[in-house]
Amino acid sequence: MSAAPEAKFTEETVLWVKQLTPKLMSFAITRPHSYRFSAGQFSRLGFRDGAGYIWRAYSIVSAEYADTLEYFVILIENGAMSQRLAQMQAGQSILLDKTAFGFLLPGRFTDGEDLIMLSTGSGIAPFLSMLQQPQLWERFQHIGLVHSVSYANELVFNQRVEEFHQHPLVAEYAHKLSWQPVVTREETNGALNQRLPELLHNGSLAQGLNLAFSPQRTRFMLCGNPAMVADTFKTLLNMGYSMHRNKLPGQIIMENGF
Ligand SMILES: Cc1cc2nc3c(=O)[nH]c(=O)nc-3n(C[C@H](O)[C@H](O)[C@H](O)COP(=O)(O)OP(=O)(O)OC[C@H]3O[C@@H](n4cnc5c(N)ncnc54)[C@H](O)[C@@H]3O)c2cc1C
Ligand SMILES: NC(=O)c1ccc[n+]([C@@H]2O[C@H](COP(=O)([O-])OP(=O)(O)OC[C@H]3O[C@@H](n4cnc5c(N)ncnc54)[C@H](OP(=O)(O)O)[C@@H]3O)[C@@H](O)[C@H]2O)c1
């Protein structure tokens, strides 16, 4: 990504950094009063880099009403930004593009009763933000959250999902949530272990979530590995679902997570 001109970003402070596993981390930064976003959008974060800048996109984990901005990151071996983030400490400064971006917005669906959130890896981040918005829970009868990772130790949000049942703004609706972890490279209790397109195709995902899927009822949001997004989209097309466009309503909204 090219550098944003000076006037287009603010300089924020890193508030905390948590190393969750050797390749997974989360952190929070200060939020300027003027920073507006809708749950599901991503920020552009950057650092000064020699005479220029390095910028990358990161989905916002925080609620729209949060005082700070939280992010969840998968560190990529030898990745330029990953190397900077791996060294980052509280108190350090980080650049934040003043604009939030993206169209992975559940409010774009004008009909449908159940919402299924399909994610791989860091693609769960925008869904954690959406799930803190009471309007989302009021809007849908059932919500299915699905997170596919390769290894069980990458399921770092089990506790966070549990906490929706005590969340001050959404606990009263949390009975609507079905949570289905997927671990693709090892057998894990409570998790399915095939990739998302196969799980959709063979009915195991609907069974795991205890929800019947149909084009009338069900709306899908996809975020994560671009190959997963493409393969899952194809599978859903074959199952009779279509891309949602604002002028031509359908059942699928998606975003490539990198
Ligand atoms: C819309 C959008 C939202 C994003 N949100 C997040 C986020 O919330 N958390 C996050 O960790 N990253 C996110 N990314 C990816 C992020 O922008 C960076 O690409 C990533 O941090 C790696 O940067 P890098 O400079 O270290 O390596 P890069 O040179 O940018 O990437 C090297 C390679 O690593 C792989 N890769 C990059 N990001 C990921 C990832 N998240 N998971 C698995 N493989 C990946 C890709 O194959 C990529 O070609 C997002 C990207 C986009 C486009
Ligand atoms: N996780 C690893 O074993 C590993 C090892 C070395 C390097 N890396 C690199 O580290 C980065 C992050 O890896 P990550 O494991 O967090 O993210 P990832 O590779 O995006 O994997 C996350 C989840 O997405 C699944 N997935 C990948 N392609 C898919 C597709 N076409 N359809 C459906 N599901 C799909 C994976 O299944 P599968 O497990 O079946 O792929 C896994 O369950 C990537 O650049 C990766 O190449 C990963």
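Strand 8 (142-149) and helix 7 (226-238) each give at least two residues to the shell around ligand 2. Helices (H or I, at least four residues) and strands (E, at least two) are DSSP runs, numbered from the N terminus. Helix 7 supplies the largest share of that shell, three residues.

This is a predicted model: local features need pLDDT of at least 70, side-chain atom pairs count only at pLDDT 80 or more, and totals for chains, interfaces and linings use all residues. Residues are numbered from 1 along each chain as its sequence is written, chains are lettered from A and ligands numbered from 1 in the order written, and side-chain values use heavy atoms, without hydrogens and water.

How many residues surround ligand 2? There are 17, and the closest are Ser148, Ser150, Thr184, Arg185 and Asn225. A residue counts as near if one of its heavy atoms lies within 4 Å. Seven of the shell residues are nonpolar, five polar and five charged. Here Ala, Val, Leu, Ile, Met, Phe, Trp, Tyr, Cys and Pro count as nonpolar, Asp, Glu, Lys and Arg as charged, and the others, Gly among them, as polar.

Why does ligand 2 lie between two domains? Domain 1 (6-97) and domain 2 (106-256) both give residues to its shell, so it lies between them. The domain bounds come from an automatic or database domain assignment.

Now look at polar contacts (pairs of N or O atoms within 3.5 Å). A side-chain N or O atom of Asn225 is 2.8 Å from an oxygen atom of ligand 2. For Arg195, a polar side-chain atom lies 2.8 Å from a ligand 2 oxygen.

Definitions and conventions
Polar contact = N/O pair within 3.5 Å; in protein donor to acceptor, adjacent residues only side chain to side chain.
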